[in-house]
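I opened my notebook to look up how this chain is put together. My entries follow, in the order I made them.

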Amino acid sequence: MLEGYHCLTLTHREAPLETIGQLVLRNDADRTPELVLQQLKTRFDWEEVFYLATCNRVLFFYYQAVPAKGVEPATLVALLRPDLPAQKQAETASYIRQINGGEAIQHLLEVASSMDSLVIGEREVIRQMREAFEQSRDWGLTGDHLRLLMRFTIETAKSVYSQTGIGEKALSVVALAFREMEKHGLHRDQRILLVGAGQTIALVAKFLDKSGFRNTAVFNRSLDKAEAVAEYLGGKAYPLEALASYQQGFDVMIVCTGAANPIITTDLYEQLLAAETGPKTVVDLAVPNNVAKSVVANFPMHYIQIEGLRDAARENLAYREKEREKAAVLIQDKIYEFRQRWHERQVERSMYPIAEAIKAVREKAVSEVFGKDFDQLDPAAQELVHRMLAYMEKKCVAIPMKAVKEIVLHASRERKMQPATDPAKP
Ligand SMILES: NC(=O)c1ccc[n+]([C@@H]2O[C@H](COP(=O)([O-])OP(=O)(O)OC[C@H]3O[C@@H](n4cnc5c(N)ncnc54)[C@H](OP(=O)(O)O)[C@@H]3O)[C@@H](O)[C@H]2O)c1
């Protein structure tokens, strides 16, 4: 039954990210993640286990058919981090939740569908989950129960993304800024000035690269960082002070430095215009702004700044939250579906010995029971008998399998019809 599925989970909802980081398995030479997981599996008698660590969670998902007491979070932490002081161990353990059966499955489906993420709708988690499962499988830690659930989980996450808007509408400031810029008609050959070369501008560079912008000039206080960004984009790098003598004009200026005072002053802006009079697109992602207010007031421009984008990000987040509600309804249906699929799989597995026995009967019929008669047949007749027996063998397995699956399906439907049933309960 689904009661065999269990999960020990530590998430950003309950714990500080630093605490989560403490439970991520480290790749120490004498205590590799594979070794630690094998030890946990043996110690707690888990039949199968898979381990997932992302920047906002750590989870151990395991299967154990026999009724089990569950794992004390304190015991888990003591095994994983014997080096931590007792008080720290106790604090970490207090954030861990043990959930079982249908609730554990629901949790896994929600994690894969990014309904439980720090940034709702972040598709990245599907890839992380698939890779985590494959890693645990390659270490020989998983089996049929987790394989079945993982396949179903990935399918479910994809359905959530395609049937709801949970992953729609950008949330990152850079993505939103790019979208705004596109509204003003970007062309690949436009001249782009980048001022700054920190993390934000590096992200901007990724968007520019993806859209094929190459006509770029990067200005930064430290020239080496400007060079790295310029090389990535196939553009040119300059030290920040070279802005004052830059004569080549621009179409789009994207500014983002940690400077406390405006870098783009009226005089500098006028000089950078190189006597061009048309409106420019100016993007200021810095806090506080790097473009002086007087520049925005006195020159024609499409001005995009972080404060306006934050409002858009909040609106988009609210939209995703709303879509999360739709996803939650879908997940409830999926839990019923998985229960049915799990039972069908158990039927298939229970039929293996019958299938083997029928195969043995077929072989015995040809080699022993009707062996002499069979040997006297010509090759074409022997071939026909083989094909007929293969057909019979297939049907002898398929007919009872179908009958039992129908009984399971019927029972499952009956259960779904009962209004008071909580689908998360196994
Ligand atoms: N990423 C976002 O979504 C986001 C969100 C909110 C706010 N921001 C704002 O973006 C700005 C930069 O963030 P970041 O994440 O890119 O930072 P970062 O990776 O630390 O990079 C800082 C950049 O600013 C330059 N810089 C720092 N102080 C300067 C100064 N006094 N004069 C000239 N240049 C200076 C640095 O030049 P060196 O290379 O020479 O050090 C570097 O290019 C900050 O205002 C931050 O508040 C970004």
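How many bridges join S5 to S6? I found four, and the two strands run parallel. Helices (H or I, at least four residues) and strands (E, at least two) are DSSP runs, numbered from the N terminus. Two strands pair if DSSP finds at least two bridges between them.

**Ground rules.** I am reading a predicted model, where local features need pLDDT of at least 70, side-chain atom pairs count only at pLDDT 80 or more, and totals for chains, interfaces and linings use all residues. Residues are numbered from 1 along each chain as its sequence is written.

**Entry: the whole chain.** I looked up 15 helices and 10 strands. The radius of gyration, taken over C-alpha atoms, is compared with a globule rule of 2.2 Å times the number of residues to the power 0.38. The chain has a radius of gyration of 31 Å, well over the 22 Å that the rule gives for 426 residues, so the chain is more spread out than a compact globule. Along the principal axes, the C-alpha atoms fill a box of roughly 105 × 65 × 50 Å.

I then checked the domains, whose bounds come from an automatic or database domain assignment. Domain 1 covers 2-163, domain 2 covers 173-312 and domain 3 covers 343-417. Between the C-alpha centres of domain 2 and domain 3 I read 71 Å.

**Entry: burial and contacts.** A residue is buried if 20 or more other C-beta atoms lie within 10 Å of its own, exposed if 12 or fewer, and partly exposed in between; C-beta atoms are placed from the backbone. Of the 426 residues, 32% are buried. Two residues are in contact if their C-beta atoms lie within 7 Å. Among contacts with a separation of 6 or more, 74% link residues 24 or more positions apart.

**Entry: the open sheet.** I traced six strands in the order S7-S6-S5-S8-S9-S10, with parallel pairing. S7 (236-239) and S10 (301-305) stand at the edges with a single partner strand each, so one side of each has no neighbour in the sheet. From one strand to the next, the twist averages 15°; axes are lines fitted to C-alpha atoms, for helices over the stretch in contact, and angles run from 0 to 180 degrees between N-to-C directions.

Next I went through the pairs.
- S6 (residues 216-220) pairs with S7 over four bridges, and Phe219 has Tyr238 of S7 as its bridge partner.
- Leu194 has Val218 of S6 as its bridge partner.
- S5 (residues 192-195) is joined to S8 by four bridges, and Leu193 stands opposite Met253 in S8.
- S8 is joined to S9 (residues 280-284) by four bridges, and Val255 has Asp284 of S9 as its bridge partner.

**Entry: two buried strands.** In a regular strand the side chains alternate between the two faces of the sheet. In S6, I saw Thr216, Val218 and Asn220 point one way and Ala217 and Phe219 the other. Five of the five residues of S6 are buried, so S6 is largely enclosed by the rest of the structure. In S8 (residues 252-255), Val252 and Ile254 are buried on one side, Met253 and Val255 on the other.

**Entry: the cores.** A nonpolar core is a set of buried Ala, Val, Leu, Ile, Met, Phe, Trp, Tyr and Cys residues joined through C-beta atoms within 7 Å. The largest has 51 residues, and Val49, Phe50, Phe61, Ile105, Leu108 and Ala112 touch the most other members. Another core, of 41 residues, lies apart and includes Val195 and Ile263.
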